[in-house]
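Good morning, and thank you for making time for this presentation.

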Amino acid sequence: MKFSLDLLSINLMGNFFIELFVELDMQLVILGSGQDAGVPQIGCYCENCVKSREDKAFRRLGPSIALMDSKKKFCYIFDASPDLKEQVDTINKIAQKESLAKSIPIDGIFLTHTHFGHIAGLWSLGKECINIKKMIIHCTHKMKQFLDSYHPFKHMIEQENITPVPFEIGTKQHYNEFSVSSFEVPHRNEYVDTVGFIIHAKKTVVYLPDLDYWTEEILAIIEEADIALIDATFYTKDEIPRMANVPHPPMIETMERLKNTTTEIYFTHFNHTNKTLDETSKERKETLEKGFKLAYDGLIIEI
Ligand SMILES: [Zn+2]
Ligand SMILES: [Zn+2]
Ligand SMILES: [Zn+2]
């Protein structure tokens, strides 16, 4: 019989932590595999956008993932996309008939950075909407300063809708039956810093939806993980005219850099221009032949 046990941390001789993970059944749910604006993008009638309007299966909501346990006792999300309302429905659907089936089944929200597609969903927890009480926001100190300073987040903190709880980048925090650590990521950082997350459960998972370019340190973090969900904004360099303003490593470069990896790689955070969105494209075929996976909304990954 499977059973779950809280993470045990045994401090031996004051020097060593031994972490025991016992039959933990957790799931990652891709709530949104689109770039900040999702697919279709507003006012765009490119082939990918038209197709995704005609058939919901090709739609991609804003970037977010959920970490839930199989008994649905807890659920944390990473990033609060503009589509949070719909993404809560996805969580509730999965949690159907389980104890988590409550109106907002989220125990905490981890934020990677301030680009609006990653924080806009917080608004829907405020007074104009569900008026939630004290949703814990796990974020960096700089992100907390940002939320404390600017409307509407400042107001939501004053109203006790959200409560930012900062973490130290690089340190491991324990939550329920898993731990999370973070690492710094080069990514424009117009307002605050950007982080990627490492989820430590039975498997180790990296969540890295946005970065400007690869560094050896970040590639090493991905190599050490069992699973990585990484930036698939663009397939090629020069995919949009203003690429210089919105740098992301193109998928073809990422696949070259990670061609010998043993980590299970899922691409996510797709821009509407990404050629792999077209099921019949040679780019999609080549990506899959190289052993990389393409995330989609509703995908559940057992970890
Ligand atoms: Zn983004
Ligand atoms: Zn489009
Ligand atoms: Zn970003």
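The model is predicted: local features need pLDDT of at least 70, side-chain atom pairs count only at pLDDT 80 or more, and totals for chains, interfaces and linings use all residues. Residues are numbered from 1 along each chain as its sequence is written, chains are lettered from A and ligands numbered from 1 in the order in which they are written, and side-chain values use heavy atoms, with hydrogens and water left out.

Which residues coordinate the zinc ion (ligand 1)? Asp 36 (OD), His 118 (NE2), Asp 210 (OD), Asp 210 (OD) and His 269 (NE2) do so, at 2.0 to 2.6 Å. Donors here are N, O and S atoms within 2.8 Å of the metal (3.2 Å for Na, K and Ca); water is not among the atoms, so sites may look incomplete. Asp 210 also coordinates the zinc ion (ligand 3), which is 3.6 Å apart from the zinc ion (ligand 1). His 118 lies in the loop between strand E6 (108-110) and strand E7 (135-139), and Asp 210 in the loop between strand E12 (204-208) and helix H5 (216-224), so the pair ties together parts that are 92 residues apart in sequence. Helices (H or I, at least four residues) and strands (E, at least two) are DSSP runs, numbered from the N terminus.

Are these two residues buried or exposed? His 118 counts as buried at 0% relative accessibility, and Asp 210 counts as buried at 3%. Buried means under 20% relative accessible area, exposed over 50%, partly exposed in between (1.4 Å probe, protein chains only).
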